[in-house]
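Student: I would like to learn how to read a structure like this one. Could you walk me through a few features?

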Amino acid sequence: MTFIETRGNDGTKPAEVSFSEAILSPSASFGGLYVPKRLPTLDFDFFKAHIGSHYKDLSRALFEKFDVDIDEADLNKALDRYDSFDDPENPVPLVGVEDDAFVSELWHGPTRAFKDMALQPFGYILSKLAEKRGEKYLIMAATSGDTGPATLETFKNAAEVKVACLYPEGGTSDVQRLQMVTEDAPNEKVIGIHGNFDDAQTALKNLLSSESFKNRLSQSHTKLSAANSVNFGRIIFQIIYHIHSYLQLVKKGEIGLGEPVYLVVPSGNFGNALGGYYAKKMGLPVEKILIASNINNVLSDLITKGEYDLTCKSLIQTTSPAMDILKSSNVERVLYDKFGPERTKELMDDLDRKGRYRLSHDELAMLKEDFDATFSSDEEGKEVIAKYAKKGYVMDPHTATCFKAYDKLRKKSLKTIIYSTAEWTKFSRTVSAALGYDAERDLDALEWVSEHYRVSVPKMIAELFEKPIVHTTVVDKEKIEEEILSFI
Ligand SMILES: *Cc1c(COP(=O)(O)O)cnc(C)c1O
């Protein structure tokens, strides 16, 4: 399998690259992204053979179809990372919450958010590639709260990789901050910045494109990379759980093999939804992918009206911060898949220059073949949290955005898989407020919810409050570069 570029090739990059090249140097011509040249197809027999498969076996079978340049032994080691999940036999449990709705819980890994699903195995693969090439990497991450902990966790103590992680001080939950500042590994540096997530993200982008920064790094023989959500090395791991969740429904006897289902995906940068889209294209029986957003509703405007318009929008902070995104990067891969590289470049150039683009009537119809979308306010999310908690299912505010899509967008009465992207413990103050208790600290909210709704707080969350704080650096934006260089 080779990879090509969403905006076409500018003649300075190779026309096609391997999987390992696409993940080590993910920036493509004209600012585009790498995509598989051709997606493999999965037939009825493939699905049938994997109805009862272990998650790792399904993953191996899928990687075989993709035929990427990763050694079998390395892939196996990467997949062994799922052994640290709550149930290594089934890292992604499916829980029925309505007769026809099943929540696929993607957060049973070490940092309790779905980022672990991809970053755990991907971190191993990237570290191994660096080691084999005799190269050293600095991985930079800017986080609104989930990517940071997951990136630190996957690369901790990696031999040839260092991590610098930027977070907005005061902009995350207590649990998210503690997950970062208590991470004790000599190869990792966590830096709080005075500012919001956008400031952290902008600082990261500036450093990633700064020649002088790269030159200073190369003096210590270090290359720069980012483990951000556009890296195809993450996307490939996000195709697997869509297939696994479907097969679990078959195994439970809820659907027959071949019967279509709806997928509901709480979306920000669109990596999770893209994994579902690729699974559908490869042959998974999916009726439609229903995209759930918060009031930063660029995605639902695109999918329902064909308009992507940033000129009349500014980012609004919500109680589902991992979805507070206006530039949703992975949408580009869907545009490429549907409309080809010339049109994708045109649309993305419009977005860069004018802050907006508009699909034609026919293009919008093509998008609607696979997607529909809606968005929820924080208030609506709280109501969902309260409604299901009373029925015995406690969910986080990102997952809660899915239920409006489930209620309103389904045109057929088909079984529905709803993706849960974080454990409630990561956003406990929002959850407890929805259930009637305004807590000042996560610790109080965690105790109150677990006592009143009989849900347990996992060990790795409870322990955070006892662990020593290792990282105390909090600086102004201008000081970030200096901090990172002195760490290197
Ligand atoms: C990252 C994240 C999302 C958004 O996922 P995308 O793949 O970027 O669309 C949603 N919910 C939570 C809790 C997340 O951490």
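Tutor: Happy to! Let's start with the ligand: a nitrogen atom of the ligand is 2.8 Å from an N or O atom in the side chain of Thr421. Keep in mind that this is a predicted model.

Student: How much of the ligand's accessible area does the protein cover?

Tutor: On its own the ligand has 380 Å² of accessible area, and the protein covers 97% of it.

Student: Which residues are closest to the ligand?

Tutor: The closest are Lys115, Asp146, Gly268, Asn269 and Thr421, out of 15 residues that surround the ligand. Sorting this shell by type gives six nonpolar, seven polar and two charged residues.

Student: Where do the oxygen atoms of the ligand come in?

Tutor: In the side chain of Asp146, an N or O atom is 2.6 Å from an oxygen atom of the ligand. Gly268 takes part through its backbone: one of its polar backbone atoms is 2.7 Å from a ligand oxygen.

Student: Now the rings. How is a pair of aromatic rings described?

Tutor: By two values, the distance of the centres and the angle of the planes. This structure holds 16 aromatic pairs. Take Tyr277 and Tyr278: their ring centres are 6.2 Å apart and their planes are at 40°, so this pair is tilted. Both Tyr277 and Tyr278 are buried.

Student: What kind of pair do Tyr308 and Tyr357 form?

Tutor: A stacked one, with 5.3 Å from centre to centre and 20° between the planes. The angle decides the label here, because planes under 30 degrees apart count as stacked.

Student: Where in the chain do these two partners sit?

Tutor: Tyr308 is in strand E11, residues 307-309, and Tyr357 is in strand E12, residues 356-358. They are 49 residues apart, and the pair links distant parts of the chain.

Student: Are Tyr308 and Tyr357 buried or exposed?

Tutor: Compare each value with the cut-off: buried means under 20% relative accessible area. Tyr308 has 2%, so Tyr308 is buried. Tyr357 has 4%, so Tyr357 is buried too.

Student: Which residues do ring pairs link into a cluster?

Tutor: The cluster consists of Phe3, Phe19, Phe232, Phe270, Tyr277, Tyr278 and Phe371.

Student: What lies over the faces of Phe30 and Phe375?

Tutor: Over the face of Phe30 lies Lys345, at 4.6 Å from the ring centre. Over the face of Phe375 lies Lys404, at 5.7 Å from the ring centre.

Note on methods
Residues are numbered from 1 along each chain as its sequence is written. This is a predicted model: local features need pLDDT of at least 70, side-chain atom pairs count only at pLDDT 80 or more; totals for chains, interfaces and linings use all residues. Side-chain values use heavy atoms; hydrogens and water are left out. A residue is near a molecule or strand if one of its heavy atoms lies within 4 Å of it. A polar contact is a pair of N or O atoms within 3.5 Å; within protein, one must be able to donate a hydrogen and the other to accept it, and residues adjacent in sequence count only if both atoms are side-chain atoms. Accessible areas come from the Shrake-Rupley method with a 1.4 Å probe; for residues, only the protein chains shown count as cover. Ala, Val, Leu, Ile, Met, Phe, Trp, Tyr, Cys and Pro count as nonpolar, Asp, Glu, Lys and Arg as charged, and the others, Gly among them, as polar. Rings of Phe, Tyr and Trp (its six-membered ring) pair if their centres lie within 6.5 Å; planes under 30 degrees apart count as stacked, over 60 as edge-to-face and the rest as tilted. Buried means under 20% relative accessible area, exposed over 50%, partly exposed in between (1.4 Å probe, protein chains only). Helices (H or I, at least four residues) and strands (E, at least two) are DSSP runs, numbered from the N terminus. A charge sits over a ring if NZ of Lys or CZ of Arg is within 6 Å of the ring centre and within 35 degrees of the ring normal.
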